[in-house]
Amino acid sequence: MYGKSPALVLPLLLSLQLTALCPTEAVEIYTSGALEAVNGTDVRLKCTFSSFAPVGDALTVTWNFRPRDGGREQFVFYYHMDPFRPMSGRFKDRVVWDGNPERYDVSILLWKLQFDDNGTYTCQVKNPPDVDGLVGTIRLSVVHTVPFSEIYFLAVAIGSACALMIIVVIVVVLFQHFRKKRWADSADKAEGTKSKEEEKLNQGNKVSVFVEDTD
């Protein structure tokens, strides 16, 4: 029995040494945490990650959903080299890929929000050898309308932009008007000076002719 122990221990020590030489790191995932969106609109569920391993073809992304009122977890989206949308269920034809793995972005876009979309969305990323790490979560709340504060700030921003555009247009129009008026005044002044010089010249010619006639 004791003669077989070294043969069993050697592979274990070898695997531990390989693990120490090539340690696995955890994938870190970043999400907004909580998100509020209006019923009937589209919303982007943003999920980014960081990994010590370079992003390659082994990268996988899994999105799942758990309703707020409880119930089983539901499949939302899967990505492995290509996006795989759900072929059935509540999210069929309502979710599309909106990420870019090269930029560590694995976000999705959810169309035509419904009130029963309220719940927690999870984003899990595996980038071998980085396969461990916490799952990112987004708590989505679907509401009738956006809060008053958001509408107010949006209205103020739009109104300010419109007012600024109107001011710029007025300034441009006034500048063009005064520039044309200045050119017109300069032209009239030059024309008046030219007319006076011609009048003086004509008078001088008349005086010369009168003197000649007198002689």
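This is a predicted model: local features need pLDDT of at least 70, side-chain atom pairs count only at pLDDT 80 or more; totals for chains, interfaces and linings use all residues.
Residues are numbered from 1 along each chain as its sequence is written, and side-chain values use heavy atoms, with hydrogens and water left out.

**Overall make-up**
- You get two helices and 11 strands here (DSSP runs numbered from the N terminus: helices are H or I with at least four residues, strands are E with at least two).
- Reading from the N terminus, the order is α-β-β-β-β-β-β-β-β-β-β-β-α.
- Of the 215 residues in the chain, 23% are buried (under 20% relative accessible area; exposed is over 50% and partly exposed is in between, with a 1.4 Å probe and protein chains only).
- Take the contacts (heavy atoms within 4.5 Å) between residues at least 6 apart in sequence: 57% of them join residues at least 24 apart.

**The six-stranded sheet**
- Six strands make an open sheet in the order S2-S11-S10-S5-S6-S7, and the pairing is mixed (two strands pair if DSSP finds at least two bridges between them).
- At the edges sit S2 (33–38) and S7 (82–84), each pairing on one side only.
- From one strand to the next, the twist averages 20° (axes are lines fitted to C-alpha atoms, with angles from 0 to 180 degrees between N-to-C directions).
- S6 (residues 74–80) runs antiparallel to S7, with three bridges between them.
- Tyr-78 has Phe-84 in S7 as its bridge partner.

**Cysteines**
- There's one disulfide in the structure (a pair of cysteine sulfur atoms within 2.5 Å).
- Cys-47 and Cys-123 form it, with an S to S distance of 2.2 Å.
- Cys-47 is in strand S4 (residues 47–50) and Cys-123 in S10, so the link ties together parts 76 residues apart in sequence.
- The link is left-handed, at -85° about the S-S bond, and both of its cysteines are buried.
- Cys-162, at 41% relative accessibility, counts as partly exposed.

**Around Asn-127**
- Asn-127 sits in the loop between S10 (119–126) and S11 (136–143), and at 1% relative accessibility it counts as buried.
- A polar atom of the Asn-127 side chain lies 3.5 Å from the backbone oxygen of Pro-54.
- Beyond its neighbours within four places in sequence, Asn-127 touches residues including Val-27, Ser-51, Ala-53, Val-55 and Leu-59.

Terms used. A polar contact is a pair of N or O atoms within 3.5 Å; within protein, one must be able to donate a hydrogen and the other to accept it, and residues adjacent in sequence count only if both atoms are side-chain atoms.
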